[in-house]
Amino acid sequence: METPDKPRLDAALAAIAAADAEALEAQRVAALGKAGWITLALKTLGAMTPEQRLVEGPRIQGMRAAVADAITARAAVLDAAALDARLASEVLDLTLPAPEAPRGSVHPVSQVMDELAEIFADLGFAVATGPEIEDDWHNFTALNMAETHPARAMHDTFYFPDVDAEGRPASNSEAVGRQGRMLLRTHTSPVQIRAMVQKGAPLRIIAPGRVYRSDSDATHTPMFHQVEGLVIDEGIHLGHLKWTLETFLKAFFERDDIVLRLRPSYFPFTEPSVEVDVGWQDVGGRRVLGGDGDAPGHGWMELLGSGMVNRRVIEFAGLDPDRWQGFAFGVGVDRLAMLKYGMDDLRAFFDGDGRWLAHYGFTAFDQPTLSAGVGSKETGIRA
Ligand code: PHE
């Protein structure tokens with residue numbers, strides 16, 4: 001039936017059919033909103049006679065339904081189109097190669113420390129640590145190096161000032177006189193003292209960490225790494241030391257033909273002291289560890305310092321030296337890494353050069369285990 005609303009309805013339906021999301025909402029408000037023309041038309045029903053209402057009611061409701069249905073249908077079309085557009089833009093080609101992502105690698109020093117921990121854990125050693133900012137007593141005095149001991153001069157120690165730049169007492173000055181001046185530890189040996197004082201005896205520890213000496217050239221850097229070893233128990237003798245070092249070095253270099261030579265030496269904190277050399281052989285112009293260093297074409301290289309813990313040191317640490325004996329050793333971690341993995345300049349260890357790391361670094365998956373081998377790369381040293 002032709003009514004005054006018919007052109008308006010036709011116009012609305014045509015606009016809805018062509019609307020985008022924004023226009024569609026405008027059409028909904030114009031027709032069905034609080035003040036929309038269909039809403040207002042519905043409100044006129046109340047004032048009508050029952051006869052009028054019988055005709056007008058279904059007509060107006062029919063318009064309302066027609067507009068509402070058209071809006072729903074148009075919204076569905078728009079939603080589908082939006083989804084298609086999104087899917088088209090978010091296409092993921094699973095056949096493409098993975099993009100080049102920056103990857104970190106494990107520094108050889110960290111790798112070697114992990115290897116050492118793995119090897120010594122198997123021998124019943126725990127890992128101990130101590131502060132890099134150490135006091136004079138732990139670094140020297142308790143290790144049997146009194147204030148005037150000449151061995152102190154060999155350490156090129158970095159001392160902290162007792163007073164700051166303005167002449168005020170430095171924060172660490174309280175310790176001066178009791179534990180002595182503060183310094184950067186020159187070796188990991190003070191951890192021997194700390195471990196004995198804290199844990200008592202018996203004791204089996206290794207202590208890897210940073211040490212500092214005022215020294216710098218191709219084979220010396222002001223900061224480098226050592227690992228200390230300490231065993232304290234009853235009846236410990238030099239044979240235990242030799243067996244432990246031999247077992248450690250064979251596992252570390254992954255060679256059964258590692259031969260050690262023990263030479264008498266001197267450290268204030270060990271008595272007797274032994275310097276340990278390891279035999280090498282010439283393989284096609286390249287020095288490779290292994291074999292008796294005295295054989296023709298072979299040689300010895302100095303590797304580490306060690307000895308039986310001086311009874312004075314055991315006393316300083318508060319233990320009874322008549323009951324407890326022990327051995328200790330200290331070795332450069334950077335040096336172990338250079339020997340095992342073939343780097344020739346120690347300074348490169350601390351340059352932070354990504355190319356060096358890419359060449360010598362390890363992936364996080366190179367976890368040292370005794371069963372799979374504690375290091376995956378070739379063993380040997382450069383001639
Ligand atoms: N602390 C010594 C050094 O730095 C090494 C060492 C450790 C020697 C333990 C003997 C025993 O040279």
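1. The side chains of aspartate 277 and arginine 261 are joined by a polar contact of 2.8 Å, and a second one, of 2.6 Å, joins aspartate 277 to the side chain of arginine 263. A polar contact here is a pair of N or O atoms within 3.5 Å; within protein, one atom must be able to donate a hydrogen and the other to accept it, and residues adjacent in sequence count only if both atoms are side-chain atoms. The model is predicted: local features need pLDDT of at least 70 and side-chain atom pairs count only at pLDDT 80 or more, while totals for chains, interfaces and linings use all residues. Residues are numbered from 1 along each chain as its sequence is written, and side-chain values use heavy atoms, with hydrogens and water left out.

2. Aspartate 277 is placed in strand 7 (residues 270–283). Helices (H or I, at least four residues) and strands (E, at least two) are DSSP runs, numbered from the N terminus. Aspartate 277 counts as buried because its relative accessibility is 2%; buried means under 20% relative accessible area, exposed over 50%, and partly exposed in between (1.4 Å probe, protein chains only). Leaving aside neighbours within four places in sequence, the contacts of aspartate 277 include Trp300, Met301, Glu302 and Leu303, where contact means heavy atoms within 4.5 Å.

3. Glutamine 281 also belongs to strand 7. With a relative accessible area of 17%, glutamine 281 is buried. A polar atom of its side chain lies 2.7 Å from the backbone oxygen of glycine 290. The C-alpha atoms of glutamine 281 and glycine 293 are separated by 7.1 Å, although the two residues are 12 residues apart along the chain. Not counting residues up to four places away in sequence, glutamine 281 touches, among others, Arg255, Asp257, Arg286 and His298.

4. Which residues come nearest to the ligand? They are His187, Ser189, Arg213, Gln226 and Glu228, out of the 14 residues around the ligand; a residue is counted as near if one of its heavy atoms lies within 4 Å. An N or O atom in the side chain of histidine 187 is 2.9 Å from a nitrogen atom of the ligand. Oxygen atoms of the ligand lie 2.9 Å from a polar side-chain atom of arginine 213 and 3.0 Å from an N or O atom in the side chain of glutamine 226. Taken alone, the ligand exposes 320 Å², and the protein buries 90% of that.

5. Threonine 186 sits in the loop between strand 3 (182–184) and helix 7 (190–199). At 0% relative accessibility, threonine 186 counts as buried. Its side chain makes a polar contact of 3.0 Å with the side chain of asparagine 139. Beyond neighbours within four places in sequence, threonine 186 is in contact with residues including His155, Tyr212 and Arg213.

6. Helix 7 is mostly covered, with 7 of its 10 residues buried. These are Pro190, Val191, Gln192, Ile193, Arg194, Ala195 and Met196. Glycine 200 follows helix 7 and has a positive phi, near 70°.

7. Helix 4 (residues 50–89) has 40 residues and should span 58 Å at 1.5 Å a residue, which agrees with the 58 Å between its end C-alpha atoms. The expected span is 1.5 Å times one less than the number of residues. Glutamate 56 marks a kink of about 30° in helix 4, shortly before proline 58. The buried residues of helix 4 include Gly57, Arg59 and Ile60, and the buried residues pack against helix 1 (6–18), helix 2 (21–32) and helix 3 (37–43).

How values were computed: The bend at a residue is the angle between axes fitted to the seven residues ending there and the seven starting there. Accessible areas come from the Shrake-Rupley method with a 1.4 Å probe; for residues, only the protein chains shown count as cover.
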